[in-house]
Amino acid sequence: MSEHQELRLSDDVRLHVTVTGPVDADVTVVMLHGWTLDGRSWHRQLADLRDRFGDRVRVVAYDARGHGRSSCLTLRDATLAQLGDDLAAVVDEFAASGPVVLVGHSMGGMTVMEYAHRHPDRFAERTAGLVFVSTTAEGHTHTVYGLSPRIARLIRLAETTGAGVLARCGGWRPPYALLRALRPSIRWMLFGDRCDPADIRLVTSAVARATLRSIGGFRASIGAQHRLETLAALGGLPAAALVGDRDRLTPPPCAESIAAALPTTELTVCPGAGHMLMMERPDVVNAAVAGVLRRVLAGIAVPGPAAA
C-alpha cells in the first residue's frame, strides 16, 4: 500500500512524496519524473516493482518543486542545481540507511547527475545503481526535434523566448482546456509511433498541475547543463540507459554519450518509441530497473552460519 507524505524543505517548499515498502527494506529506489510531469509517470514501474520484489525494495516517488502536488518555488530556485539539493534531502529523509538506486526520466535523470556533481561524497556513500530513461548529460546539444538543424534552431529560439515569458507568470497553471487543444502537439513532441489515449490524458493532467514559473523557469538550466565529466567519475556502478529512436527531445546520441562516459551502463534503444518510454515501453523499462536492482541485491551480503 502506498503512503503519501510531505517533506518540507529548508526554504519552506513542500514536496509531495509517495512511499511504498518498509523502511528497513534491503534497497530503496527513488524515482524522479521529467520536466512538467509528476510522480504518476511511474505508475507502471511502481506496480511492477511491488510484484517483483515485495518488501525487499522500498520505492520513493515524488513531485519536483513546482510540479504536481508539490508547492511552488521562486524563479531563482528553478534550476537543476536546486533539484539536485532537493534529491539529497529526499534521500536523507526517506532512505536514511542502506543502498539506493536512482531512476530518472528526462529532467529527473539530469537531477540525478546534479546530485552526483553537488554532493559527491553523499552520492558515493549511498548510491548503488542508476537508471537513466530518455535523458541527457549535454543540455540541448543533440535536441533537434526530429527536424532539420535550421528549423530546430528557429523552434529553440521560439521555445526559449516563450519560456522566459512563462517564467514570469508565477504560480499560475496552464488552463486545462488549452492543453486539451494542444494534445496533438504534445503527442507529437513526447510520443513515438504508438500512444495509448490514457497516457496522453495523464501527461496532459500532469502539465496542467505544473506552475507556469516551473514550465518556463527550468528551461534555461536544462538547456545549459553538461555533466559527462561527473558521470565519468562515478566508477563501476551498475547502470542502464534507455532511449527511443523517435525521441525528439533526448535522441539516441544523448543516451550513447551517457553510456560512453559511464562504461558500466547497459544501453537500450527502443525502435519506434519517443520520449515517454516508461509509458510507451513499460516492459522494457521495468526489465532495466529490475536488472540493476538484482545486481545491487546480489551484492548485499547475507549473513550465514559461519558469519554468525
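Modeller: A cavity is a set of points, on a 1 Å grid over the protein atoms alone, where a 1.4 Å probe fits but cannot get out; lining residues have an atom within 4 Å of a point. Grid points are joined across faces, edges and corners, and a volume is the space filled by probe spheres set on the points. This is a predicted model: local features need pLDDT of at least 70, side-chain atom pairs count only at pLDDT 80 or more, and totals for chains, interfaces and linings use all residues. Residues are numbered from 1 along each chain as its sequence is written, and side-chain values use heavy atoms, with hydrogens and water left out.

Biologist: What volume does the largest cavity have?

Modeller: Searching the whole structure gives one cavity of 30 Å³ or more. The volume of the largest cavity is about 80 Å³.

Biologist: Which element gives the most to the lining of the largest cavity?

Modeller: The lining includes Leu32, Tyr62, Asp86 and Met107. Two or more lining residues come from each of α2 (80-94) and α3 (107-118); helices here are DSSP runs (H or I, at least four residues). With three residues, the most is given by α3.

Key: On a 1 Å grid over the protein atoms alone, a cavity is a set of points where a 1.4 Å probe fits but cannot get out, and a pocket is an open set with protein on both sides within 12 Å along at least five of seven lines; lining residues have an atom within 4 Å of a point.
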